[in-house]
Amino acid sequence: MYRLGAVLFLFCAAGFAQNLGRPATEAEIKAKDLTILPTGAGLPVGKGDAARGKSVYKEKCAVCHNDNAEGRTGQYPALAGGVGTLKSDKPLKTVGSYWPYATTLIDYVRRAMPYDNPRTLPVDDVYAVSAFVLFKSGLIAENFELNEKSILQVKMPNRDGFVPDARPDVKPKP
Amino acid sequence: MKAPKQNRRRFLALGAGLAGLSACKKTVPSEIGAGVRAYGERSPLEKAARDVRESITPGTSSTRTPLQDLDGIITPSSLHFERHHAGVPSIDSAKHEILLHGLVERPMVFTMDDLRRFPSVSRIYFIECSGNGGGELAGNPQPDPQKAAGLLSCSEWTGVPLSTLLKTAGLKPEAKWVIAEGADACLMARSIPIEKALDDILVAYGQNGEPVRPEQGYPVRLVVPGWEGNINVKWLHRLHVVDQPGMTRDETAHYTDLMPDGKAQIFTFVMEAKSIITRPAGGQKLAHGPGVYEVTGVAWSGKGKIQRVEVTADNGETWTDAELQSPVLPKAVTRFRMPWQWTGKAAVLQSRCTDETGYVQPTMEALNSVRGYKSTYHCNGIKTWHVKEDGSVTHV
């Protein structure tokens, strides 16, 4: 085992020199890196408010998520509403009621929305439509300018609603 | 123009063979059988299929493995369950690359050709969607093994240990998590703790001896042994080494377990031990009247090997150890078998597994009593099948 490990280590250390893989260029990393962290690292520079986001939403999002971000039952998730329902028999998990970080909204809208045509929204539209969703949950004002700095001030209601994996939490019998 | 003729001949031969079968006149046909073929197909008499969930957005749908129709521990690639978030992308393996960057000494790009030149391993692992059994957990028992637990499959995966790629790029001391991103339309991304990334994760290009199927991540995916299916990122194209989790949509909005107190458990990676009887089971019938039947099923644990599977036919009054068929492998499906004498009276069949850590599969009641009915994920409760006096088996 020790010898195999040593050989593997040598192989790995030498891999770069052996032309196994090539160095990534700064340009291709920049082009492909869509990561946004909760600290705000990786947020694109841009801005938008709910007032302008309303028209983007109407054009790009309402067909699935409905006119007021309330979703369509059984298929397209609601984006707003549901605050205070998580303990109830009918928890409604939305961006407003459930998501712990607003940065996740920017990340997800930028990488995956609109569902049938992702990564086509200009950065300012990503901020504007995200502002509209946050406004619909009552988390920001309609004229609040959402940008790469101000988003860190948005207080998400369920920010402290997550706990680490508590398992094994169940005994074999009740 | 030879090929069409051959095909026609094969078709005729097959037709003749089928006619013979359906008439049951001969068990050994005297006609010369079908010729050779470049890529095999099963007998046209066999109909086992994935159960397709209808959806108005097929790209986010799922299919379930027909557990009741399978033998052994390996899931045929064509019957491996599916769960996609933006459909199955069409990827040219010759152009596909994996970018590895972030907190590494040497950001790198690997082609599929590069991957195949690294030292590889083949390992048998299950993959289970963490939503498997979600209906059961919500108090809606499903009618057959496929619908109840078919978001589970087990394959032999071949690939390069992720640790090899990370060591090749050289991890910086601050490296704590790896964000893996797929090349599907939604660029689905999940964060993986560095300890697991350096442990047993495979960057897999092979599935049951062939290239990974498109639905399973062609040309390359992560296989994260024992952990929930969603983190086994398919169509892998980017690995970002970071100092904290990305808190992506699929590890916050989804794949978190809402508890009755309104708090949600996050980063619930491991799939705890679970088993299910696949024969006799819901939707089947003990067609030969009272007598000896084999009870068989599958058990698996994300924490290691299955140590024991017990079976009851009297709703848990008495339990008998089932035989575990070798091989019994860590984080793989284990097949169990037990002969059972059915007297012709109503019976209640259940299986209960224990893994090598001593963890015992809980009852559904125990699961619901702690986690309520809204936690959606990680249902591993004991599944119950009711045998009626007429031999039919149901879920209620």
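Me: How many residues of chain B are in contact with chain A, and what counts as a contact?

Reply: Two residues are in contact if their C-beta atoms, placed from the backbone, lie within 7 Å. In this predicted model, 51 residues of chain B are in contact with 47 residues of chain A. Local features require pLDDT of at least 70 and side-chain atom pairs count only at pLDDT 80 or more, whereas totals for chains, interfaces and linings use all residues. Residues are numbered from 1 along each chain as its sequence is written, while chains are lettered from A and ligands numbered from 1 in the order in which they are written.

Me: Which element of chain B gives the most to the side that touches chain A?

Reply: Elements are DSSP runs numbered from the N terminus: helices are H or I with at least four residues, strands are E with at least two. Several elements of chain B each supply at least two residues of that side, including strand 4 (97-102), helix 5 (162-169) and strand 13 (236-242). Helix 7 of chain B gives the most, with five residues.

Me: What is the make-up of that side by class?

Reply: Ala, Val, Leu, Ile, Met, Phe, Trp, Tyr, Cys and Pro count as nonpolar, Asp, Glu, Lys and Arg as charged, and the others, Gly among them, as polar. The side of chain B that touches chain A has 25 nonpolar, 15 polar and 11 charged residues.

Me: Which strands pair between chain A and chain B?

Reply: Two strands pair if DSSP finds at least two bridges between them. Strand 1 (residues 22-23) of chain A is joined by two bridges to strand 5 of chain B, and the two run antiparallel. A:Arg22 has B:Val109 as its bridge partner.

Me: Which residues have the most contacts inside the largest nonpolar core?

Reply: A residue is buried if 20 or more other C-beta atoms lie within 10 Å of its own, exposed if 12 or fewer, and partly exposed in between, with C-beta atoms placed from the backbone. A nonpolar core is a set of buried Ala, Val, Leu, Ile, Met, Phe, Trp, Tyr and Cys residues joined through C-beta atoms within 7 Å. The largest has 127 residues, and those with the most contacts inside it are A:Val129, A:Ala131, A:Val133, B:Leu100, B:Ala180 and B:Val203. Helix 6 (residues 123-136) of chain A gives the most to this core, with nine residues. Among the residues that B:Val203 touches are B:Leu115, B:Val160, B:Val220 and B:Leu236.

Me: Which residues of helix 3 of chain A are buried, and where do they lie around the axis?

Reply: In helix 3 (residues 50-60) of chain A, the buried residues are A:Ala50, A:Arg52, A:Gly53, A:Val56, A:Tyr57 and A:Lys60. They cover an arc of only 145°, taken from the directions from the helix axis to the C-beta atoms, which puts them on the same side of the helix. Their cover includes strand 2 (47-48), helix 4 (62-65) and helix 6 of chain A.

Me: What is the strand order in the open sheets of chain B?

Reply: One open sheet has five strands in the order 19-18-22-23-24, with antiparallel pairing. Its edge strands are strand 19 (320-321) and strand 24 (393-394), each pairing on one side only. Strand 22 (residues 347-355) and strand 23 (residues 384-387) pair over four bridges, and B:Val348 stands opposite B:His386. An open sheet of four strands has the order 16-17-21-20, also antiparallel. Strand 17 (residues 291-300) and strand 21 (residues 334-342) of chain B pair over nine bridges.

Conventions: Lists of a residue's contacts leave out its neighbours within four places in sequence.
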